[in-house]
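The following exercises are to be worked with the sequence and the structure side by side. Each task is followed by a solution in steps.

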Amino acid sequence: MKMNSFGSTIKEYREKLTLPLQTVANYIDIDQVEYNKIEQGKQMATRQQVIELAEYFGSDENEFVILWLGDIVASQTAALERDL
């Protein structure tokens, strides 16, 4: 069973509230393109952005941090496997 990524989770929250990318990006003070890359998993959010997004969506901060850390571990594991 695949765990949800941080990006897919925040995208689900945003879409559930029918918010445009720009609205959420503005809240965490980044541009829409950068926020879109975070949702797509092409760019990692900072820890501060993770906390701000949990606050924005009224979600559990720990849940968001765990998902974010899981993405970091997956990314590092993939990089190590490529180097083998």
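A residue is called buried under 20% relative accessible area, exposed over 50%, and partly exposed in between, with a 1.4 Å probe and protein chains only. The model is predicted, so that local features need pLDDT of at least 70 and side-chain atom pairs count only at pLDDT 80 or more, while totals for chains, interfaces and linings use all residues. Residues are numbered from 1 along each chain as its sequence is written, and side-chain values use heavy atoms, with hydrogens and water left out.

**Exercise 1. Classify R14 as buried or exposed, and list its contacts.**

Solution. Step 1: locate the residue. R14 is found in helix α1, where a helix is a DSSP run of H or I with at least four residues, numbered from the N terminus.

Step 1: apply the cut-off. The relative accessible area of R14 is 9%, and R14 is therefore buried.

Step 2: list the contacts, that is, heavy atoms within 4.5 Å. With neighbours within four places in sequence left aside, R14 is in contact with L19, P20, L21, V24, Y35, E39 and F57.

**Exercise 2. Determine how α1 is oriented to α5 and to α3.**

Solution. Axes are lines fitted to C-alpha atoms, for helices over the stretch in contact, and angles run from 0 to 180 degrees between N-to-C directions. Angles under 35 degrees count as roughly parallel, over 145 as roughly antiparallel, 65 to 115 as roughly perpendicular, and the rest as oblique.

Step 1: consider α1 and α5. Their axes come within 8 Å and cross at roughly 140°. α1 is therefore oblique to α5. The contact joins F6, G7, T9, I10 and Y13 of α1 with E63, F64, L67, W68 and D71 of α5.

Step 2: consider α1 and α3. Here the axes come within 6 Å and cross at roughly 115°, so the two helices α1 and α3 are roughly perpendicular to each other. In this contact, F6, G7, S8, I10, K11 and R14 of α1 meet Y35, I38 and E39 of α3.

**Exercise 3. Classify the aromatic pair of Y27 and Y56, and explain what it ties together.**

Solution. Step 1: state the rule. Rings of Phe, Tyr and Trp (its six-membered ring) pair if their centres lie within 6.5 Å; planes under 30 degrees apart count as stacked, over 60 as edge-to-face, and the rest as tilted. The count by this rule is five aromatic pairs.

Step 1: apply the rule. Y27 and Y56 lie 4.5 Å centre to centre with 40° between the planes, and form a tilted pair.

Step 2: relate the pair to the sequence. Because Y27 lies in helix α2 and Y56 in helix α4, the pair ties together parts that are 29 residues apart in sequence.

Step 3: One aromatic cluster is formed by F6, Y13, Y27, Y56, F57 and F64.

**Exercise 4. Locate T18 and D29, and give the phi value of each.**

Solution. Step 1: T18 is found in the loop between α1 and α2, and its phi is near 50°, a positive value in a residue other than glycine. At 68% relative accessibility, T18 counts as exposed.

Step 1: D29 lies in the loop between α2 and α3. Although D29 is not a glycine, its phi is positive, about 60°. Its relative accessible area is 69%, so D29 is exposed.
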